[in-house]
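The sequence and coordinates come first, followed by the notes.

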Amino acid sequence: MTLRLNGIEVLCVIGERPDERTRLQKLRVDVALEVPPQASETDGLADTIDYAALADGIRAALVAAKCQMIERAAKVAYDVCCAACAAVSGARPLGVTVTKAGVLPGLESAAISYP
C-alpha cells in the first residue's frame, strides 16, 4: 500500500541568493511511502506511519537545515521519511518531491524528486 502526503507546507530559509538567505519562503513537500498491509487490517497507528508526526518532522528538519538548493531540501525530507519508516516494520520511503514557487519571473515553480 502507498501512503501519500501531498502539500506539506514549510516556511523556511531556502535559496542561494543573499536576499533569499534573510527571509522565509514556502516549500511544498509531497511524500510517498510504502506502508505494510497490516495497517489496513489492524486499524492501528502502531502498524503504519504517523503522518502528523512525519509532517512535523519534515518541517522541523527543513527549518533547521536552511538549505540553499531544493535538491538538498529533498534529501533532508527523505532522510526524515527514512527514520520514520525504520520504526514501522515493512514501511519504506518511495520518494519525496519538493516544489518552490515564484523562483523566477515567468516560471511558476521549480521542483525536484528524490531519489
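## An opening pair

Which side chain meets that of Arg 28 in a salt bridge? The partner is Asp 30, at 3.1 Å from N to O. A salt bridge here is a side-chain nitrogen of Lys or Arg within 4 Å of a carboxyl oxygen of Asp or Glu. Arg 28 is partly exposed at 39% relative accessibility, whereas Asp 30 is buried, with a relative accessible area of 17%. Buried means under 20% relative accessible area, exposed over 50%, and partly exposed in between (1.4 Å probe, protein chains only).

## Basis of the values

The model is predicted: local features need pLDDT of at least 70, side-chain atom pairs count only at pLDDT 80 or more, and totals for chains, interfaces and linings use all residues. Residues are numbered from 1 along each chain as its sequence is written, and side-chain values use heavy atoms, with hydrogens and water left out.

## Strands

Helices (H or I, at least four residues) and strands (E, at least two) are DSSP runs, numbered from the N terminus. Two strands pair if DSSP finds at least two bridges between them. Strand E1 (residues 2–12) runs antiparallel to E2, with 9 bridges joining them; Thr 2 stands opposite Glu 34 in E2. E2 is also antiparallel to E3, through 8 bridges, and Ala 32 has Gly 95 in E3 as its bridge partner.

Strand E2 (residues 25–34) is largely enclosed by the rest of the structure, because 7 of its 10 residues are buried. Leu 104 lies in strand E3 (residues 92–104) and is partly exposed, with a relative accessible area of 48%.

## Other salt bridges

The count comes to 9 salt bridges. One of them joins Glu 9 and Lys 26, whose closest N and O atoms are 4.0 Å apart. This pair links distant parts of the chain, with Glu 9 in strand E1 and Lys 26 in strand E2, 17 residues apart. Glu 9 is partly exposed at 49%, and Lys 26 is partly exposed at 48%.

Arg 17 and Asp 19 form another salt bridge, at 3.4 Å from N to O. Both belong to a network of salt bridges that links Arg 17, Asp 19, Glu 20, Arg 23 and Lys 100.

## Cysteines

A disulfide requires a pair of cysteine sulfur atoms within 2.5 Å, and the count is 0 disulfides. The sulfur of Cys 82 has its closest cysteine sulfur in Cys 85, 6.9 Å away, which is too far for a bond. Cys 85 is in no disulfide either, the nearest cysteine sulfur being that of Cys 81 at 6.5 Å. Cys 82 is partly exposed at 30%, while Cys 85 is buried at 3%.
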